[in-house]
Structure formats: structure tokens, C-alpha cells
Amino acid sequence: MAFEGLSERLQSALKKLRGKGKVNEADVKAVMREVRLALLEADVNFKVVKEFVSRVSERAVGQEVLTSLTPGQQVIKVVNEELTQLMGGTQAKLSLDSKPSVIMMVGLQGAGKTTTSGKLAHHLQKQHKRPFLVAGDVYRPAAIRQLEVLGESIEIPVFSLGDKEDPVKIAEQGVAQAKEEGHDVVIVDTAGRLHVDETMMDELKAIRERVQPDEVLLVVDAMTGQDAVNVAENFNREMNLTGVVLTKLDGDTRGGAALSVKSVTNCPVKFAGMGEKVDALEPFHPERMASRILG
Ligand code: GDP
């Protein structure tokens with residue numbers, strides 16, 4: 001299960017404070033040392049860990065906490081609040097004001113971009129939107145067919161021109177058709193590569209230029225930890241992302257990506273992929289995630 005190690009270690013560190021009638025600075029320091037190690041071991045970015053520990057320590061040795069009747073509980077509350085802040089504080093929602101709104105999906109091959117495009121369409125459909133999918137991944141073999149099959153299963157139309165056409169043209173024509181047919185959200189799947197490269201970025205920028213998306217969502221694999229954060233940094237620099245989707249949070253990811261992406265890139269995580277099925281996509285709730293980690 002995701003965050004298992006982190007969860008266990010944080011809980012065992014904080015248990016020492018729970019129910020304590022008196023807490024002094026040394027107690028807080030000892031616990032924070034363990035918290036720091038737990039976060040580093042979960043592959044959280046070291047700068048993020050440093051800032052987090054210093055913020056929590058500062059608040060935890062404040063008068064309000066040390067002189068409270070339940071200081072142990074107060075420290076745990078501070079950790080919970082700061083973990084929530086680390087992940088963005090409140091839930092970051094999609095901004096879908098244009099008609100139709102365009103959501104451009106970007107990411108490396110294998111991250112889960114095509115699957116997430118289908119999941120997102122399904123999610124929006126449940127909110128009474130009329131989504132339309134555009135199959136623009138001309139690079140990965142079978143990606144177009146994969147999206148068509150997904151679209152069929154959820155009864156959402158998929159626009160495609162095959163894999164021989166220019167991806168910019170595919171995106172443009174797809175959006176135009178969605179508009180003509182009165183759809184209110186267009187999700188454009190794009191081509192990834194195995195690594196961040198210039199050809200991919202140029203292609204994505206050209207698509208963005210042409211279709212002027214309301215949202216540019218990066219799909220990253222949470223299992224890849226710090227790599228996911230580096231990928232997010234790179235994409236954000238080039239593409240001005242509006243959000244991140246963390247996939248494979250149902251796996252045994254240690255948690256590093258979920259806890260670092262927002263702080264490192266300043267780009268909020270908007271959704272979490274929780275499985276391979278089309279309904280396994282959840283809006284990302286920092287508060288719930290923090291509580292889940294702390295148990
Ligand atoms: P793309 O190359 O980025 O389009 O990647 P795909 O959408 O084809 O996904 C790659 C693999 O990851 C597929 O086997 C998906 O079923 C799987 N996948 C995608 N999202 C999730 C998720 O949230 N959880 C799990 N367990 N698997 C996922």
C-alpha cells in the first residue's frame with residue numbers, strides 16, 4: 001500500500017508524544033529527528049524535508065503548544081497541518097470556464113497519460129459534462145487504439161486521424177470537431193517520450209499554442225519518486241503546467257512524489273490515479289492524504 005513505510009515511521013515517532021502531559025524542547029527535537037529520517041526514507045526532496053522540519057519545530061516549541069493541556073496532541077496537529085500545507089493545503093480544482101474547455105494531457109511514456117485521459121473523461125461525465133477525447137499520441141504504438149477502446153467502453157467519442165498526421169493538426173481538428181458537436185470539455189492526449197527531450201517539448205508547445213488549453217495537466221508516475229519530481233520541474237519550466245496527476249498511488253509508492261511535487265514546482269496535484277480501471281481516479285485532497293499518512 002502507498003505510504004506504508006512513511007506512515008508507520010511517522011506514527012511510531014509521534015506515538016511517543018501522544019498523551020504526554022508535558023513536552024519540552026528536547027522531546028520535540030528527538031521526535032523531529034525521527035520525522036526527518038522517515039521523510040528522507042520516503043524519498044521526499046531533501047530541501048522540502050529541511051523546510052518542513054524547521055517549520056514544524058518552530059511551531060511545536062511555541063508557547064501555545066508547550067503550555068497547552070495536551071502538548072503531545074498539539075504537536076501531532078501541527079505535523080498534520082504542515083503535511084497538508086506541503087501538499088497544497090486545499091484541493092486544487094480544474095478551471096473549466098471556456099466553451100469548450102480544453103485539457104491538454106502531457107507526460108512521459110508509460111506514466112499513464114492515455115489511461116488518465118479516459119479516466120478524466122469518465123470523471124467529468126459523472127459530473128454531467130459532455131467530454132470529447134482527442135487521440136494525439138502518434139508516438140507510442142497502439143496508444144490511439146487504446147484510447148478508442150477506452151472511449152467506447154465509457155461511451156465518449158474519440159477523435160483520431162491515425163498516427164501519420166501532424167499532432168498539432170490532430171489537436172486543432174479535434175477541438176474544432178468537439179466545438180461543432182457541442183461538447184463542453186475536450187481532453188487532448190499527446191505523445192510522450194521515454195525521457196524529456198526537445199522534440200517532444202517543441203511539439204507540445206506547438207499544440208498548446210494552437211489550441212490554447214484551459215488546463216495543461218502533467219501525468220507522472222508516483223512510483224518513480226524523486227524522478228517524478230524532476231520530470232515535473234522540467235515540464236513546468238517549459239509548459240507552465242496548471243496541474244499534476246499522480247498515477248499509481250494504489251501501488252506501494254513511498255510517498256516522495258506526492259509530498260514534494262507541490263513545494264518543488266509550485267504546481268498543485270489535482271488528481272490521483274488509484275488503479276488501472278477507468279473509475280480509479282480521485283480528486284487529490286491534501287487534508288485527507290495527510291490524515292491517511294498519519295493514521
Ligand atoms: P502512457 O504511455 O502514459 O499513455 O501510459 P498508459 O496510459 O498506457 O499507462 C501505462 C500503464 O500504467 C498501463 O498498464 C496502465 O494500466 C497503468 N496505469 C495507469 N494509471 C495507473 C494507476 O493509477 N494505477 C495503476 N496501478 N496502474 C496505472
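Leaving aside neighbours within four places in sequence, which residues is Pro286 in contact with?

1. Pro286 and its contacts. The partners of Pro286, neighbours within four places in sequence left aside, are Thr84, Met87, Gly88, Gly89, Thr90 and Gln91. Contact here means heavy atoms within 4.5 Å. Pro286 sits in helix α12, residues 286-294. Pro286 is buried, at 1% relative accessible area. The cut-offs are under 20% for buried, over 50% for exposed, and partly exposed in between, with a 1.4 Å probe and protein chains only. Ala135 lies 151 residues from Pro286 in sequence, and their C-alpha atoms are 31 Å apart.

2. Basis of the model. This is a predicted model, in which local features need pLDDT of at least 70 and side-chain atom pairs count only at pLDDT 80 or more, while totals for chains, interfaces and linings use all residues. Residues are numbered from 1 along each chain as its sequence is written, and side-chain values use heavy atoms, with hydrogens and water left out.

3. Overall build. The protein chain has 12 helices and 8 strands. These are DSSP runs numbered from the N terminus: helices are H or I with at least four residues, strands are E with at least two. The radius of gyration is 21 Å, close to the 19 Å that the globule rule gives for 295 residues, so the chain is as compact as a globular protein of that length. That radius is taken over C-alpha atoms, and the rule is 2.2 Å times the number of residues to the power 0.38. Along the principal axes, the C-alpha atoms fill a box of roughly 70 × 40 × 30 Å.

4. Burial and surface. Buried residues make up 53% of the 295 residues. The chain exposes about 13700 Å², and carbon and sulfur atoms supply 47% of it. Accessible areas come from the Shrake-Rupley method with a 1.4 Å probe; for residues, only the protein chains shown count as cover. Of contacts between residues at least 6 apart in sequence, 78% join residues at least 24 apart.

5. The α3/α5 pair. Helices α3 (residues 46-60) and α5 (residues 71-86) pack at about 145°, with axes 10 Å apart. Axes are lines fitted to C-alpha atoms, for helices over the stretch in contact; angles run from 0 to 180 degrees between N-to-C directions. From α3, the contact includes Val48, Phe52 and Arg55; from α5, it includes Val75, Glu81 and Leu86. The contact residues divide into 9 nonpolar, no polar and 4 charged. Ala, Val, Leu, Ile, Met, Phe, Trp, Tyr, Cys and Pro count as nonpolar, Asp, Glu, Lys and Arg as charged, and the others, Gly among them, as polar.

6. Backbone points to check. Lys99 and Pro100 are joined by a cis peptide bond, with omega about -5°. Pro100 is in the loop between α5 and β1 (101-106). Asp43, not a glycine, has a positive phi of about 70°; its loop runs between α2 and α3. Asn266, also not a glycine, has a positive phi of about 65°. Asn266 lies in the loop between α11 (256-265) and β7 (269-273), and is exposed at 59% relative accessibility.

7. Two further sites. Asn24 is in the loop between α1 (4-15) and α2 (25-41). Asn24 is partly exposed, at 40% relative accessibility. Val61 is 37 residues from Asn24 in sequence and 7.5 Å from it in space, C-alpha to C-alpha. Lys126 belongs to helix α6, residues 113-126. Lys126 counts as exposed, at 52% relative accessibility.
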